[in-house]
Protein chains: 4
Amino acid sequence: MIERVRLAVVGVGNNTSALVQGIALHRQTGSLVGVRRPVIDGLGVDDIDFVAAFATSEEKIGRDLTEAIFMPPNNFPSLDCDLPRAGVPVTKGLVDATEIDRVAAQLAGAEVLLYSAPSGRPETARAYAEAAYRAGVAFINTTADPIARDTEWLNRFAAAGLPLLGDDLASQFGTSVVHNTLLRLLAERGLTLVSSYQVNLGGTEDFRNLVENPDSKKQSKLNALSASGKVEMAPLGYLPHLKSQKVAHLNLEAQGWGGTAVSLDVKLTVHDPSGAAGVNIDLVRIAASALRNGHGGNPAEATPLLKSPPGTAS
Amino acid sequence: MIERVRLAVVGVGNNTSALVQGIALHRQTGSLVGVRRPVIDGLGVDDIDFVAAFATSEEKIGRDLTEAIFMPPNNFPSLDCDLPRAGVPVTKGLVDATEIDRVAAQLAGAEVLLYSAPSGRPETARAYAEAAYRAGVAFINTTADPIARDTEWLNRFAAAGLPLLGDDLASQFGTSVVHNTLLRLLAERGLTLVSSYQVNLGGTEDFRNLVENPDSKKQSKLNALSASGKVEMAPLGYLPHLKSQKVAHLNLEAQGWGGTAVSLDVKLTVHDPSGAAGVNIDLVRIAASALRNGHGGNPAEATPLLKSPPGTAS
Amino acid sequence: MIERVRLAVVGVGNNTSALVQGIALHRQTGSLVGVRRPVIDGLGVDDIDFVAAFATSEEKIGRDLTEAIFMPPNNFPSLDCDLPRAGVPVTKGLVDATEIDRVAAQLAGAEVLLYSAPSGRPETARAYAEAAYRAGVAFINTTADPIARDTEWLNRFAAAGLPLLGDDLASQFGTSVVHNTLLRLLAERGLTLVSSYQVNLGGTEDFRNLVENPDSKKQSKLNALSASGKVEMAPLGYLPHLKSQKVAHLNLEAQGWGGTAVSLDVKLTVHDPSGAAGVNIDLVRIAASALRNGHGGNPAEATPLLKSPPGTAS
Amino acid sequence: MIERVRLAVVGVGNNTSALVQGIALHRQTGSLVGVRRPVIDGLGVDDIDFVAAFATSEEKIGRDLTEAIFMPPNNFPSLDCDLPRAGVPVTKGLVDATEIDRVAAQLAGAEVLLYSAPSGRPETARAYAEAAYRAGVAFINTTADPIARDTEWLNRFAAAGLPLLGDDLASQFGTSVVHNTLLRLLAERGLTLVSSYQVNLGGTEDFRNLVENPDSKKQSKLNALSASGKVEMAPLGYLPHLKSQKVAHLNLEAQGWGGTAVSLDVKLTVHDPSGAAGVNIDLVRIAASALRNGHGGNPAEATPLLKSPPGTAS
């Protein structure tokens, strides 16, 4: 029988809620609904145990991980399954570099540290990476802050035989992948794109942060589109009632043979945290497998699951 | 300078209207809007001359091809370009096998015969194929009636060094290609399809015929979908006011990680005849090129442009 | 305290399921969600007791009403509430006129008979109306078969002081009301309708029956639209996976000032049986109140809730 | 024969373009497409002559009105009609109060002054109102700046027998009217609104201004909705490729009987300037008719065409 992965997590937000609950659901029902890779190097979806969790919210600290994931502002729904206590109390996360050794000590029993905090705090990201390094633990950076893209970090982890996966999670299924797929399809079939737009609406804290800091994300989303010259992005809309749902409206106007009009209107509804957890479940197993096989640095298998893997611009 | 293709056409419906007008538009404006392959073996989009046209409608016979394409029930729009007379009067099409030699004689100056009549008249299709064979002309069967899939026909054409392209045109851009693309995308990303439907609405004579004979087409459309077990087809709707437009409503309901809902709603609007002409313009040049190079039978290059190429079931 | 209405029902399909469950839900939660009229002449939503139920399906007969409503082909969902047994076993419905007295005897304790069977069996409808008449019970005909529109029936009930409500239920919220509202809005604002279409998709047995007998319903739906000359109906689509949901796609193309284009695309999703039960809950109380007050015939209050009230064509 | 209305206009933007072209189109074709009221007190749609036009753009000043309406940033389309020169050169608009008498002198031959400049310049609005007053001309304020709501202004105009119409045009057909109609329909039918959102996208200068100053308009739009507590507004999106089109996406989620889900998704596409011109054509004739009949102040007939008529808050 395979040894289960011992996972520590930083950030007890919606994405962690989706991961914790989805594993429990799978364990109970055996369902492989929404699972991209049932087994990775012998590791199944439920071969993962949470061994530590770090957060900064006073309300979450001290509670069992399975309780903390339902504290506001988290708004990912409660899935329809029993959720046995994890026996893992949420620990106070680090606030400055003086605490790195404390965190490293708490990572003693872990194999993988999944860094799933909000983007935009590069120093915090680096401090956790350092703690993982000192503890001999694989590190996954799901934020846009550059760690795995930073050659120095990558080399250090590689030299120590420690996997370093990142940066910035590519959602399992979201606006960019649908929009891009349709733009590419038009081009392949010889149609001429006239105009296109994308509207993104959501109700999570993440979304609220993006709305207040729209420029970087808007540019990043435009970069992700293959025909960006013709694609216009409406400003992100934070609509609290949507909770963890994201709604996108896409429009593509094109011309076919003889210049006649071709038009596509799409409404997409997804749960953003599920899109993250559906990728994290793979990254965690890829990281554990690489660690166990002594492969340090960035595993090639992880690259398609990331927006900014090593080699892309910071 | 390359020798222009001498094209004869059977059927003066919307698809022929789109082909005739689109070539004229390209000739005037040089625009490559909606053109998948600007040049095929040296042949540009406007390197095609119509040399004969056959139809059965009394109203069309005797008129110049450029007039006949606007006679009812044709309802493809008049494109925004001058349309100089073709100097090709529409000729009475054949009604039985006794006229094959008459038609073969009229094909004397042609290189390619594009068979673009309605589906469902296999004897007529075979009679025109025979006429093309006797006249030494390449034959393109855009209907669902089996000619190129029929080994006997294929072997006769191949032995004579005559190209035989068919059967059944795959539209340049239509409901099936969009639906399939999205179904495949869901599968690739590890989502689980729950249900899906497709509604097709149109206003052409072709559409009216399909509505009156829905079963074969409905099955054929289901066959074209990669996840057909979960996909339901609403009955086709003939809505005359749509004229040559086709409108499709697609819905895909899926589950992502944790079983959370993912939903896609799509409205697609296209001009069906443009979707046909945008493929015919390539088939005609592939056929002419094969004929000139002495390659008989089915050119591999044509296969992706056809729904039922040689080797598929009749 | 008000005396509770004693209700008998014919037909134990989706509409009855929605009525039974909705009353139970209201009783438990006090919720007035989706209730148009909380109180009618002193009668609240939960002041209704089922006292008899008639059906023809062998599987339903003999079971408690609260079990029978979940037997196939019923597919209305199970609402999120406890459903205490009604203590009312489903009784074999009448199959011919010889059984009228048997049914009348079984209606002894009832005040109102809600006739909620499928449309298209006028003799059965009349037999139940006769049974209600003999038992001195108010009768509600929710089908399109003419009873209340039939002057003879109406006069008999009126003379006996018995309420007779019908015919043909107008859904609380459905395609026709939305389409009509938008057509009227365009007209009021001075826009010129160019074209419009309506696609209806559903998954109930009712829907399947309509698909197999489309003409009458299609015409009836067109009659219900204020601008029917410009509105086209796509054929109804029976899509089993929709279960008790109905999905409608509406399109309205119009012209505003200067002839510029105005376009409206609507997707509507509802549960058909809820639309019926939300009206039946009002009709039942109107009928009981009229009976108790000695008002025979058709209560004016019921007219807006019906598609074909007395005075309309049969 | 009726005397034609002599109209002066301030602002030569898209709305004026739509008005000028729409009148010309009507004159040529007699078409009443998109016209709410063909005749008002004997005045037809084409019984209007432009006699003066004021603008601030250097590029427009000096050009004939019929040329100036096509200068950027105007992007309302060129309608399909001949547009004979108006013989009215665009005049430099006033920039401060010292020019009021100059403008009043230029209004000598006019009956009505249509103030159709951008909102947000209350002093300019007042200066033009003063010029109209001195010239004895009726004044229409289509902006949100308070003139007709200002009792002092209203009394002055009324005392002088001069009509004063305003403030803030209600579009002939736009997002608010559709959203409100659907919200009201849900309420009337007894459904319970759960949530709703509205996304507005446009490509005009007006839209760009609103995007840069979103708060006031967003609140004003929320005020216009009958169930504003449950309705969320996404930020306005300025998408240049839409030009003078506005695209709105509306969603309404509700609950029907038994708490079952009812959902409405709407896409609306309109030309904003047509929505303005379709109302201005009525306001101009109402103003002229009131002036000719000696009725000063605000004509009751104008009230439903305005967002902030006299009596509403400033």
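**View 1. Tyr115(D) has Asn141(D) as its bridge partner in strand β7(D).** The model is predicted, and local features need pLDDT of at least 70, side-chain atom pairs count only at pLDDT 80 or more, and totals for chains, interfaces and linings use all residues. Residues are numbered from 1 along each chain as its sequence is written, chains are lettered from A and ligands numbered from 1 in the order in which they are written, and side-chain values use heavy atoms, with hydrogens and water left out. Helices (H or I, at least four residues) and strands (E, at least two) are DSSP runs numbered from the N terminus; two strands pair if DSSP finds at least two bridges between them. Strand β6 (residues 112–115) of chain D pairs with β7 (residues 138–141) of chain D in the parallel sense over four bridges. Strand β1 (residues 5–10) of chain D also pairs with β6(D), again parallel and over four bridges, and Ala8(D) stands opposite Leu113(D).

**View 2. The side chains of β6(D) point both ways from the strand.** Val112(D) and Leu114(D) point one way, Leu113(D) and Tyr115(D) the other, and all are buried (under 20% relative accessible area; exposed is over 50%, partly exposed in between; 1.4 Å probe, protein chains only). With helix α4 (residues 122–135) of chain D and β7(D), strand β6(D) makes a right-handed β-α-β unit. Right-handed here means that, with the strands pointing away from the viewer, the path from the first strand over the helix to the second runs clockwise.

**View 3. Helix α1 (residues 14–29) of chain C is mostly covered.** Twelve of the 16 residues of α1(C) are buried, among them Leu19(C), Val20(C), Ile23(C) and His26(C). Their cover includes β1 (5–10), β4 (48–55) and α9 (272–292) of chain C, where contact means heavy atoms within 4.5 Å. From first C-alpha to last, α1(C) reaches 22 Å, close to the expected 22 Å, a span defined as 1.5 Å times one less than the number of residues.

**View 4. Six strands of chain C form an open, parallel sheet in the order β5-β4-β1-β6-β7-β8.** Strands β5 (90–92) and β8 (164–165) of chain C stand at the edges with a single partner strand each, so one side of each has no neighbour in the sheet. Six bridges join β1(C) to β4(C), and Leu7(C) has Phe50(C) as its bridge partner in β4(C). Helix α1(C) packs on the sheet, touching β1, β4 and β6 of chain C, and its direction makes about 160° with that of β4(C). Axes are lines fitted to C-alpha atoms, for helices over the stretch in contact, with angles from 0 to 180 degrees between N-to-C directions. Helix α4 (residues 122–135) of chain C also packs on the sheet, and its direction makes about 175° with that of β6(C).

**View 5. Strand β12 (residues 245–255) of chain C has antiparallel partners in β9(C) and β13(C).** Eight of the eleven residues of β12(C) are buried. Ten bridges join β9 (residues 192–202) of chain C to β12(C), and Ser195(C) stands opposite Glu253(C). Eleven bridges join β12(C) to β13 (residues 261–271) of chain C; Ala254(C) is the bridge partner of Val262(C). These two strands form a hairpin with five residues between them, and Gly258(C) in the turn has a positive phi of about 75°.
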